[in-house]
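I'm putting the structure up here before I write anything down.

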Amino acid sequence: MHSWLNEIFIGLSLTSILLMVALGLAIIYGTMGVINLAHGQFVMIGAYVAWFLQSQFGIGIIVGLPLIFIAGALLGLAVERTIIQRLYTRPLDTILATWGIGIVLEQLVRGLFGSDSRYVARPEFLDGNLILAGVHMSYYRLFIIGFALLTLAVTWFLLFRTEFGTKLRAVIQNKEISECYGVSANRVYAVTFAYGAGLAAIAGALITPMVSVTPTMGTGVVVDAFLVVIVGGVGSIVGTAAAALMIGEATAWLSYLLSETTARILILLGVIVLIRFRPQGLFPDKVRR
Amino acid sequence: MNKGFAIDCIGYALFAVFVVLIIPWLANYSGYDLNVYARYLVLGMAAAAVALSWGTAGILNLGQALTFGIGSYIMAMHLKLKASEAQAGGMPDFMGWTNMEELPWFWEPFQSVSFTLAAGILIPVAIASLIGGFMFRGRITGVFVAIITLSLMLAVQLWIISEQRFTGGQNGLTGLAALELFGWSVDVYGLAFYYMVAGCLLVVLTLALLFLRSKAGLVLRAIRADPERTRFFGYDVSTYEVVAFATSAGIAGIAGMLYAMILGFASPTYMGLSLSLAFVIWAAVGGRESIVAATLGGIGVNMAEGRLSDLFFDQWTLILGVIFIVVVLFLPRGLFGLVMDLRIKLESHFMANPISRMNTSLDKHRSETTASQREGK
Amino acid sequence: MKRRDLLKGVAFAGVAGATGLGGFPGIWTGRNAAWAAGSDIPVGVLFSKTGAVAVVESTLHDACMMAIEEINDNGGINGRKIRPFVEDPASDPATFADRANRLVRRDKVVSIFGSYTSSSRQAVLPVVEGQNNLYWYPTLYEGRECSRNVMYGGAVPNQQQQDFVPWLKEKFGGRFYLLGNNYVYPREENNVARKILKGIGGEVVNEEYVPMGHDSFSSIVSKLRRDKPDVIFCTLVGDSDVAFQREYHNAGLDPKTMPVASLTRSEIEVKAIGGEAAAGHFSSAPYFMGYQSAENKKFVEAYLKKYGQDQVTHFVNEAAYSQVYQFKNAVERIGSGELKPSAIRDAAVGQRFMAPQGEIEIADNLHSYLWPKIGQWQADGQAKVLVDSKSRMAPEPYWAYEGQECTAEGLQKS
């Protein structure tokens, strides 16, 4: 009884991390069809900014989040303006360009800060565990779950309750006609890309207390994020959340019952089957693309 | 035949001269450099495999290294068994360490050279046919193909790493013997081996050219342009796609077999994410529309990498990254596109006969389409 | 210093684009021409500066280069300077093989110092064996290898475990949970641990392997809560070790009742884990940064002065450092004789060197006699040495395999 409640919690915790990482990617991919393989490196940069703020100025992760978001967003904006912008009509080519961007970012970070693995402390007030019905829930993981839900809500609000969101959805539905109505698609794209990159940076900062911060930490992240986005369905943030939940819980349960390796293999195979029979995703976007 | 074919032939001839005469001269006919260039040729072949499915039929396979890696393991299994003949039961050393009692049944047939050589091509082809059938019957395209092939590759890689008693795990298959073909013991540092690799590459490319120049190739190009319309014409699109996918897997399998020989081991990194993406990048740099250009892309990028790593030992990856970005931004059709654009310009200056003008205008139309896409119109 | 390298790299990018892609033979002749100083001793330095393993290998590179510079500053070996040929194999086995080939066949080095992972050593092996060169490998490894072309400077399983496992059982109990990354090293160490446990009446409650680089350990922690082992016997490496230990700490498990006993954790991992989360756990290694000896004091001071006060020394870069001196002693012994790899190897056997960990000796099976220690991690990120072995412990790479022994004539089976 305790153990399965425990696994549900672990699954939720994995879900929240997956969701944080995948959300930025989902927005970028859903809006402009750009397959951003540098997303993992944006996550890595967020982690490094968190480390830098903490080690140089003593600013903790949570206080630093706005700064980290801004840093990520500015970087995203710079990348979008200089490179991605020129590739909107060649979506498959963005795979190549963003892969190159990923290499460059990784090497720049390595050049500036070295190859060392960096340490970021967890906020002290989130130390410890909440033990409820025999389930051990660390406060920090609870915090991430809450934060992921908040991010999801903010993103949803941004898309469906603001003027920018309306413009964004208009551009997704029909770029040419929205431009006729005076919506600057380029500007919408740039802001969206920056927002996605900012989210990635925040995700990176939030995972720092759990992993080691190295220049290569982004490589593994991007694959998982992609699986979530594709399984969830293009342009649907609800789908992304559902896919994150599915993959997170499945990982928790399969790892507990079998082994980490087997769990991973089964998830990959499951994703293949899902994509084959539901390429439109779990919650497909109904609009014309 | 037509003029395009003639141009292909000239390209092939130049390429053959490059591979057969110029590279050995560059390498001073010496062991180390020849071995290095043989490796580049093999990686070029892998890039050609990517171009065959991507450039021709529009199937972007991000898991091309899967079949490449399988090819390398097949060759390594044979060479490992050969190296283990003196061991108890002819079992590879790593199996003894994991307390295996006897050689697993699926290792047995790899005692035979001819079985191994056939399997190195046919097993990748069979796997690709299955996966291809699975995907293309469901009309899966574009990024979904990319994700499926990628996921499958990662799953197989994980399996190979975890089943150490059958596969050697993370270390792969090491301590291999030299291949023996018709009593000739292959020395991978020799000129003979280099020519064997070059021969394989040229034969593969020629067969691929014939394939692409056949009606099947034409249909594949039609599919790349518009799969729906091709389907309306009554062509069985998915079968053609499977054929292209499987052919490219066979080529990757051959390349993998040669690669295991050259480096003297097979490793799970041969079916890793970064190598797989690298294949695609090389094909893009060379030009995905032409398999010879893609091959040259593979050879060229690796030559550059070898040179850059010599000059800037700790920043060469950064420089390569920058080069890729620049190529994607400014040469959407790769170096091949650059050459073709130049050719069109030259021709419109010097040619006057109506047929070539028509061809030229067609080509021009094509390049203009790409150009306008580039500008986002 | 690193920043300057970066800027230099960027500045040269344009030039490189031009020269790198040009196909003229003159440009392809390699750097031998530029370095044609006849009397120098050419050696290869083959540690990844990029890629996943760079975290550790760059520190091995640093220690190795420091030793080379020290030797050169003190007049070299018999008046000849060591000339390092530095390569970056980018944590990729195929690149390792290629660069090793380049060093051995083109640059004609007489030895290569290199690498951390088992897979990279295996990738280099065909090259050095094919050319009868010499590979100085500083890392602890799984044993069960007996090449005449590799100088094994790190510990093999018997040196890390013979004292450690019984000590753990006595202090905490005999129920072990074996946890490692999924590759040959952890599996082999666990084979040995099982064997020792069987002999002393302990048991293995679970044995689990996670993929390399795996970094989510919540499920493992809930298995630990379920199985309640006395000791977590850990052979996780790098990022996985860091993520696991942080998860363990977050989950509020207690090192007093369920300590992590690691064979791979060194100061470098603890730095990333954070001293607080690592405190109270144990490692077995021949060297710790906090070990008290005159040689170690000198080594640590020189290293921190050269590479920064935030750096650490650990049991692998200590070996990388010592191996250069062992190489020096061997070359000195050869004197005016012909300097070829096999001669260096023969001269190295039986050499003793006062290393930071104590006086080490190269055995005739080319492994090293070492001084195993048991350390307990403290909140300041340093280990307190609790047990120091009383004698140099002999390397037995085939310890767990009866009837097999690695000797000066290679592997002997009886």
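**Ground rules.** I'm working with a predicted model, where local features need pLDDT of at least 70 and side-chain atom pairs count only at pLDDT 80 or more, while totals for chains, interfaces and linings use all residues. Residues are numbered from 1 along each chain as its sequence is written, and chains are lettered from A and ligands numbered from 1 in the order in which they are written.

**Chain C overall.** I looked up the secondary structure and found 14 helices and 17 strands in chain C. These are DSSP runs, numbered from the N terminus: helices are H or I with at least four residues, strands are E with at least two. Next I checked the box around the C-alpha atoms of chain C, which is roughly 65 × 50 × 40 Å along the principal axes.

What is the radius of gyration of chain C? I got 22 Å, which agrees with a compact globule, because one with 414 residues would have a value near 22 Å. The radius is taken over C-alpha atoms, and the globule rule is 2.2 Å times the number of residues to the power 0.38.

I also noted that 58% of the 414 residues of chain C count as buried. Buried means 20 or more other C-beta atoms within 10 Å of a residue's own, with C-beta atoms placed from the backbone.

**Chain B against chain C.** Here 34 residues of chain B are in contact with 38 residues of chain C. Contact means that the C-beta atoms of two residues, placed from the backbone, lie within 7 Å. On the chain B side, α13(B) supplies the largest share, six residues. I sorted that side into 16 nonpolar, 15 polar and three charged residues. For the sorting, Ala, Val, Leu, Ile, Met, Phe, Trp, Tyr, Cys and Pro are nonpolar, Asp, Glu, Lys and Arg are charged, and the others, Gly among them, are polar.

**Chain C against chain A.** This contact takes 36 residues from chain C and 35 from chain A. On the chain C side, α9(C) gives the most, with six residues. That side divides into 11 nonpolar, 13 polar and 12 charged residues.

**One residue up close.** I picked A193(C), which is found in helix α7 (residues 184–200) of chain C. Is A193(C) buried or exposed? It's buried, because 28 other C-beta atoms lie within 10 Å. Leaving out residues up to four places away in sequence, A193(C) touches Q161(C), V165(C), F176(C), L178(C) and F233(C).

Methods
A residue is buried if 20 or more other C-beta atoms lie within 10 Å of its own, exposed if 12 or fewer, and partly exposed in between; C-beta atoms are placed from the backbone.
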